[in-house]
Amino acid sequence: MRPFSLKRLFLFLAILLGVLGCGHRTIWYKKGATQWDFNRDEQECIALAHKLAREATVGEKKENILVFLQAYQQCLFNKGWSPVPPQRVQEVIKRKRISYHLDLSSHVLVAFNRQIPLPSNIVFLRETRRSYGPTLIYSLFFRGKGNTFLNLILQESLERAFKDIPYPVQPCYLIYDRGSFRDRRIVWASYFGRIKGYMVMGFGAILRFSSRQRLILVVTSPMPPARGKKPAYLHLAENQMRAIESFTARWSKWVKKNLSSL
Amino acid sequence: MRKLIQSRVTRCVFILIFFFFLPHLCLGDSFSPSPPLALGSLQCYTGLLNMPTARVLGDWRVIVNYGNDDPYSYYGVALGLFDRIEVHGQFTEVNTIEAFPGQGYGHYKDRSAGVRVVLLKERDWLPQIAAGVFDVTGTALFGQRYVVASKLIHNFDISFGLGQGILAGRFVPDIIGNKRDKAFAYLLSSPRQTTRPFGGVQWFISPRLTLVGEYSSIDYKNMFGFIHNGVVVKEDHSRIPFNFGIKYKIFPFLNAKLAYIRGCRLAFGVNLNFPLEPEGFLGWKKEAPYVAYERLKWKAYLADNDKLASLIAKEVKEDGFKDVRVACSDSAVWVEAANNKYWSSVRAISRLCSILDGVCPPRIQTFYVNLKVDSQVLQSLKCSREDLRAFIESRIDKKTFFLYNSLSLYGDNHLKEFLNGRDLSRFHRERDDWFRFKIEPKVRTFLNNRRGFFKNKVLIQTSVDLYPLEGMLIRGQIEHTLYNQFKDVAFYSLEKEPTRTDIVLYERNSAPRISQMAVDQVFSLPWDILFRASAGYFETGYAGLGFESFRYFHNGLLGLGLESEIVKKRDPDDNFKMEPHTSTLYTAFLNCYANVWPSKGIEVGLKVGRFLAGDKGVRVDIRRSFKYFTIGAWYTKTDTSVFSSPKNREASYKAVYIKVPFAVFKDKEVRGRFTYMITSFTRDQGQTVEQIRSLYPMDPWETPYYTRQDFEEMRK
């Protein structure tokens with residue numbers, strides 16, 4: 001017979017305190033910002049994340065916790081906050097650079113310890129380097145035949161893993177087709193749109209080397225003007241469709257052949 | 001001296017904790033809960049601490065409770081229905097009494113169930129009034145009846161009630177005498193008996209914190225656990241008839257309670273309080289809207305009917321639907337698919353319509369969208385493309401939409417119309433994966449045996465499903481035991497040829513066991529009757545043949561079917577042998593289904609006929625299928641004159657069960673549910689044979705009634 005279960009009560013209280021006590025708070029940094037700035041930005045981000053988390057669910061009544069956390073973090077990132085002290089980011093970015101070597105004679109770009117083949121008949125135009133938060137972005141611009149432009153972007157994140165997303169197509173374009181190779185290690189899209197009165201078609205692909213290193217390929221080319229009448233529910237005339245079809249087939253084949261083995 | 005120290009320790013702990021919460025008390029905003037929350041008590045039902053109130057849980061809300069009030073430990077569940085009813089059940093462990101001394105069972109455990117019904121809802125000046133009973137079947141050790149009124153005044157919920165049974169300080173078995181089902185006899189006994197008042201106050205200090213005080217009418221000197229067979233087993237040290245406590249909401253779904261009982265002891269408890277919502281803790285992520293890209297549209301535009309059907313079939317399959325079949329005419333498209341993506345049929349139809357509207361060229365103006373269950377079209381929507389767009393864009397309402405378009409149970413009439421179209425293509429069928437493999441851990445429990453309350457068998461179940469032909473399923477299932485306590489269970493066959501009481505013979509063995517190895521074929525018969533035939537090892541104990549047919553009527557609100565199994569016993573020790581000296585058994589049933597209150601999801605099922613042991617009778621199954629959860633109970637009454645054992649002769653097999661959608665634990669909508677069932681003691685009466693698939697009962701959400709009800713969801 002047990003006169004009084006004090007042992008059970010203390011166990012219950014210990015578990016209760018344990019549950020209440022667990023938790024971890026991230027410290028966010030921004031150069032030159034104060035606690036007051038953080039409170040204001042955080043309030044805005046929390047409100048936005050709540051809204052997005054609700055809108056992301058089927059009934060729009062519950063909140064998806066994962067979406068909330070992602071949106072909250074992304075919002076703070078977008079406002080310039082980082083969980084890493086700014087000095088450290090700057091130091092890392094200063095010290096860290098993407099080392100690459102461009103060998104136009106043999107049509108090879110050496111980066112991320114890999115030999116990336118380049119298309120033939122292209123001319124190197126210029127290079128830009130920038131960073132977005134903890135991500136280093138190097139862009140290499142080339143020009144091909146017939147006003148075709150090629151952009152190779154090397155990206156390396158020093159802090160966060162890249163998300164597995166489909167190739168992002170800007171809203172000013174319409175998607176012609178999408179696809180992927182090698183278990184979505186390469187995702188691609190071909191698209192078209194009217195830019196400054198001219199029809200343009202494009203092909204883009206993202207190749208993930210690792211969770212923090214990736215290569216983005218963007219090819220754009222002019223599209224011929226429409227000949228004949230467009231069918232009612234379609235956006236392209238038949239000759240334009242034929243043009244983008246062969247453009248897509250050519251580049252997706254090239255990506256599959258040259259990049260999927262990397 | 002020891003008691004004095006304990007008493008002081010108890011008081012000190014209580015006072016310390018009270019002051020720990022005091023800051024909350026002072027900081028608590030003045031708020032008035034509206035409507036007042038039915039908070040968990042120490043026991044499974046909602047109430048004060050040990051006394052009930054007139055509050056009930058909200059509709060389809062559940063409390064899972066643990067409470068400890070020496071000498072009692074309470075493990076229970078309560079469910080709210082229609083904002084009017086609360087049903088609750090619990091195991092009460094009594095630590096002062098050994099149930100089967102020397103057999104390892106441990107403390108005495110009593111099962112109790114009860115119900116509380118709101119007779120009058122709270123209005124401006126009227127209190128809420130409810131009546132309730134507890135421990136209504138079996139031993140009635142904790143039997144009680146009561147009427148109680150609760151009124152919210154500012155932040156104080158004041159309750160006053162009149163109780164009988166233990167609430168009047170009585171021990172019910174003493175009142176009822178030597179009857180078999182004491183609790184039920186007490187339930188129907190005269191109301192003219194000892195009645196005592198009880199009551200209390202809940203003070204809602206903040207949304208998280210509530211203080212409780214109650215006058216307890218229980219007389220512990222007469223309670224089971226304090227006295228047993230006329231012998232005092234625990235002294236009652238009650239000094240005052242009052243209990244005080246704190247209820248604190250740690251998280252929105254987790255509550256803790258601490259109470260000081262009768263001025264002499266501490267009690268505590270914790271409960272989970274949550275609504276039964278399929279979109280569980282994470283919320284389901286929205287699916288990206290379907291977009292047909294220009295390339296696919298061009299392909300569809302240039303395609304002939306045959307190629308178009310093939311394109312659509314591929315697209316529907318790639319979107320995640322199963323069992324896809326598509327055909328096209330010059331102006332219409334016919335799509336059949338099994339909805340294995342969404343709980344809601346409307347969302348499945350909506351997705352299929354988006355695919356069709358995105359891909360089909362303008363010449364296709366009529367869509368026939370069909371949802372299949374077990375390879376049979378169960379509901380068929382015929383709609384014009386223009387009307388569909390008009391409805392989705394809110395240019396026409398649901399009523400107008402259904403004036404010109406039709407949603408029907410089964411698809412025969414629509415198919416005839418479609419087949420009259422010009423230049424028909426052949427039906428393109430997209431082949432699904434023909435092989436599925438599953439490994440899952442299982443825990444089988446034998447509850448309340450004299451050798452122990454929980455006896456478990458832990459095993460790994462490996463299943464291989466093959467789908468070689470349309471409507472065919474071949475399943476092989478093998479179980480590898482990891483841990484087995486069934487060999488300790490004291491449970492013996494009650495008949496010479498038992499149907500189920502020899503279950504331990506099959507479960508005690510820890511060698512690998514082929515639990516299922518059967519082929520099952522489903523096909524449609526004329527007049528939309530679905531037929532199923534199966535053969536093989538259906539379960540660990542039986543092998544044989546099975547047949548079943550079923551048909552829905554009246555938009556799926558009614559259904560009728562026939563079912564029969566012819567089986568023989570399997571050898572418990574050899575996977576491939578049959579028991580040589582057993583008879584061939586058979587069952588024969590008429591299955592009836594009615595969705596009697598569709599808006600609340602109340603369904604009734606009847607299984608009438610011959611059960612496995614040859615006992616003829618009926619199984620009544622009443623359940624509520626709501627928000628993709630199902631909670632139900634069935635009761636089997638048969639002619640038991642075929643049995644020789646008195647235990648079988650007196651038996652009426654019954655069970656309560658819950659089906660929980662997997663999607664509760666996921667962040668996206670997925671199909672599938674797991675079932676947890678608690679049955680009465682295993683007997684040979686009212687037994688059936690498990691089948692690898694069954695046509696009855698089905699999920700009610702697959703029927704046109706619900707699709708029509710929820711059709712507005714097409715716009716989301």
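**Ground rules.** Domain bounds here come from an automatic or database domain assignment. I am working with a predicted model, where local features need pLDDT of at least 70, side-chain atom pairs count only at pLDDT 80 or more, and totals for chains, interfaces and linings use all residues. Residues are numbered from 1 along each chain as its sequence is written, while chains are lettered from A and ligands numbered from 1 in the order in which they are written.

**Domains.** I started with chain B, which is divided into domain 1 (2–275), domain 2 (294–432) and domain 3 (435–702). Between the C-alpha centres of domain 1 and domain 2 of chain B I read 56 Å. Chain A has domain 1 (24–83) and domain 2 (97–258). Their centres, taken over C-alpha atoms, are separated by 32 Å.

**Chain A, overall.** Helices (H or I, at least four residues) and strands (E, at least two) are DSSP runs, numbered from the N terminus. How many of the 262 residues of chain A count as buried? It comes to 21%. Buried means that 20 or more other C-beta atoms lie within 10 Å of the residue's own; exposed means 12 or fewer, partly exposed is in between, and the C-beta atoms are placed from the backbone. I also looked at contacts, that is, residue pairs whose C-beta atoms, placed from the backbone, lie within 7 Å. Of the contacts in chain A with a separation of 6 or more, 45% are between residues 24 or more positions apart.

**Helix 2 of chain A.** I checked the length of helix 2 (residues 35–55) of chain A. Which residues of helix 2 of chain A are buried? I found A:C45, A:A49 and A:A53. They cover an arc of only 65° around the axis, so they sit on the same side of helix 2 of chain A. (The arc is that of the directions from the helix axis to the C-beta atoms.) What they pack against is helix 3 (65–78) of chain A. On the face turned away from the buried side of helix 2 of chain A I noted the exposed residues A:W36, A:N39, A:Q43 and A:A47.

**The three-strand sheet of chain A.** Strands of chain A in the order 1-2-3 make an open, antiparallel sheet of three. I count two strands as paired if DSSP finds at least two bridges between them. Strand 1 (100–103) and strand 3 (114–117) of chain A are at the edges with a single partner strand each, so one side of each has no neighbour in the sheet. Neighbouring strands of this sheet are turned by 20° against each other on average, direction ignored. For such angles, axes are lines fitted to C-alpha atoms, for helices over the stretch in contact, and the angles run from 0 to 180 degrees between N-to-C directions.

Zooming in, I saw four bridges joining strand 1 to strand 2 (residues 108–111) of chain A. A:H101 has A:V110 as its bridge partner, and A:D103 has A:V108. The two strands form a hairpin with four residues between them, and A:H107 in the turn has a positive phi of about 55°.

**The seven-strand sheet of chain A.** Next came an open sheet of seven strands in chain A, ordered 4-5-6-10-9-8-7 and paired antiparallel. Strand 4 (123–132) and strand 7 (174–181) of chain A are its edge strands, each pairing on one side only. Inside the sheet, nine bridges join strand 9 (residues 198–208) to strand 10 (residues 213–222) of chain A. A:F203 stands opposite A:V219 there. Helix 5 (residues 238–258) of chain A packs on the sheet, touching strand 7, strand 8 (186–195), strand 9 and strand 10 of chain A. Its direction makes about 20° with that of strand 9 of chain A.

**Back to chain B.** Last, I looked up helix 6 (residues 345–359) of chain B. Is helix 6 of chain B largely enclosed or left open, and why? I found 11 of its 15 residues buried, so helix 6 of chain B is largely enclosed by the rest of the structure. Among the buried ones are B:I349, B:L352 and B:L356.

Methods:
Contact = placed C-beta atoms within 7 Å.
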